[in-house]
Amino acid sequence: MLIAQMTDIHIGFEPDAKPEELNRIRFRQTLARLLDQPNTPDMLVLSGDLTDRGDAESFDKITKELEACPFPVYPLVGNHDTREELLRAFPDCPSEDGFIHYAVEGDGLRVLMLDTFEDGRHGGAFCDDRKAWLSDQLNSHSNTPTLIFMHHPPVVSGIGWMDPAENEPWMLRLAAAMRGHEQVLAIHCGHLHRPIVTRFAGIPLGVTPSVAPLVAMDLREISPDKPDDRALITTEPSTYALHRWDGTNLVTHYEKVSDWDVLARYGPHLQPMIRDMFVERE
Ligand SMILES: [Fe+2]
Ligand SMILES: [Fe+2]
């Protein structure tokens with residue numbers, strides 16, 4: 001099973017840009033690359049911030065582009081979205097008790113989509129109701145390998161203006177629900193607009209970089225009282241992830257969407273090298 005992930009598309013950041021806003025161009029390019037590479041995904045997860053302002057028009061622009069996808073698309077809600085418009089644009093997307101959280105299964109893997117949205121907050125949220133839902137999901141499928149997607153990374157990355165505080169209550173609730181569930185193979189997030197790898201509650205956690213422009217890689221302390229002219233947002237290329245589940249292991253690949261040249265192809269001249277590489281395997 002191959003699960004593609006794109007995150008933080010932020011359509012509608014420049015709604016009046018002519019002829020077209022940068023974020024929509026980047027989304028088109030990323031989707032085109034995903035559809036034009038040799039590995040066809042079984043599904044695409046959009047892990048939040050599909051839009052910049054949560055408006056209907058921006059969601060409609062997203063779903064229009066997604067018509068090209070021959071596989072199912074599963075959205076998560078980000079802090080820039082609205083649940084109402086997301087559910088209107090994706091009428092098949094499950095929701096429960098007012099939250100956009102649900103499970104998808106395939107090839108013996110369970111994929112859980114979490115909802116970390118709270119109206120009016122930039123950062124994440126995870127209330128007791130959501131904790132109860134997650135605990136129930138994990139307790140009732142304790143032997144099924146599980147992959148979790150959520151918009152907000154519940155960790156301190158070192159990029160201070162984007163980070164939560166240490167041990168925010170919602171992160172502690174989330175950790176309490178996840179701890180001890182060894183079937184959880186990995187957590188993959190968005191929101192940070194930069195790639196990181198770490199652990200949370202003993203579980204490997206990765207952030208997929210954004211489709212929209214990236215957050216600059218600056219780990220120096222930052223003060224809300226003192227603008228220091230540092231770079232915050234850059235035009236580094238968009239990225240998508242491919243999470244590959246082979247029935248035993250889950251491995252994540254990332255591809256940046258930029259131009260490059262092919263320097264070697266698998267022709268007869270390289271066959272001896274490839275053959276040698278196979279022969280030495282035990
Ligand atoms: Fe974002
Ligand atoms: Fe976000």
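This is a predicted model: local features need pLDDT of at least 70, side-chain atom pairs count only at pLDDT 80 or more; totals for chains, interfaces and linings use all residues.
Good morning. I shall begin with helix 5, whose buried residues are W170, M171, R173, L174, A177 and M178. Because these residues cover an arc of only 160° around the axis, they lie on the same side of helix 5.

What covers the buried residues of helix 5? The cover includes helix 4, residues 128-140, together with strand 7, residues 184-189, and strand 9, residues 203-207.

The protein chain contains 6 helices and 13 strands. Along the principal axes, its C-alpha atoms fill a box of roughly 60 × 50 × 40 Å. For 282 residues, a compact globule would have a radius of gyration near 19 Å, and the value of 20 Å for the protein chain agrees with that. Of the 282 residues, 37% count as buried. If we take contacts between residues at least 6 apart in sequence, 69% of them join residues at least 24 apart.

I turn next to the interior. In soluble globular proteins, nonpolar side chains tend to be buried together. Here the largest nonpolar core has 53 residues, and I9, I148 and F149 touch the most other members. Helix 5, residues 169-178, supplies the largest share of this core, with 5 residues. Which residues does I148 touch, leaving aside those up to four places away in sequence? They are L112, L114, V184 and I187.

The residue I187 leads us to the sheet, for I187 stands opposite L205 in strand 9. Strand 7 and strand 9 run parallel and are joined by 3 bridges. In general, strands of a sheet pair through backbone hydrogen bonds, either parallel or antiparallel. In this model, 6 strands form an open sheet in the order 4-5-6-7-9-8, with mixed pairing. The edges are strand 4 and strand 8, the latter being residues 196-200, and each of them pairs on one side only. From one strand to the next, the twist averages 20°.

I come now to some details of the backbone. Most residues other than glycine have a negative phi, and most peptide bonds are trans. Where do we find a cis peptide bond in this model? The bond from K18 to P19 is cis, with omega near -5°. P19 is in the loop between strand 1, residues 2-6, and helix 1, residues 22-35.

Two further residues deserve a look. D97 is not a glycine, but its phi is positive, near 55°. D97 is placed in the loop between helix 3, residues 83-89, and strand 4, residues 102-106. Is D97 buried or exposed? D97 counts as exposed, because it has 10 C-beta neighbours inside 10 Å. N167, likewise not a glycine, has a positive phi of about 55°. N167 belongs to the loop between strand 6, residues 146-149, and helix 5. With 11 other C-beta atoms within 10 Å, N167 is exposed.

Finally, consider A32 in helix 1. A32 is partly exposed, since 13 other C-beta atoms lie within 10 Å. A32 and E65 are 33 residues apart in sequence, and their C-alpha atoms are 9.7 Å apart in space. Thank you for your attention.

Note on methods: Residues are numbered from 1 along each chain as its sequence is written. Chains are lettered from A and ligands numbered from 1 in the order in which they are written. A nonpolar core is a set of buried Ala, Val, Leu, Ile, Met, Phe, Trp, Tyr and Cys residues joined through C-beta atoms within 7 Å. A residue is buried if 20 or more other C-beta atoms lie within 10 Å of its own, exposed if 12 or fewer, and partly exposed in between; C-beta atoms are placed from the backbone. Helices (H or I, at least four residues) and strands (E, at least two) are DSSP runs, numbered from the N terminus. Two residues are in contact if their C-beta atoms, placed from the backbone, lie within 7 Å. The radius of gyration is taken over C-alpha atoms; the globule rule is 2.2 Å times the number of residues to the power 0.38. The arc is that of the directions from the helix axis to the C-beta atoms. Two strands pair if DSSP finds at least two bridges between them. Axes are lines fitted to C-alpha atoms, for helices over the stretch in contact, and angles run from 0 to 180 degrees between N-to-C directions.
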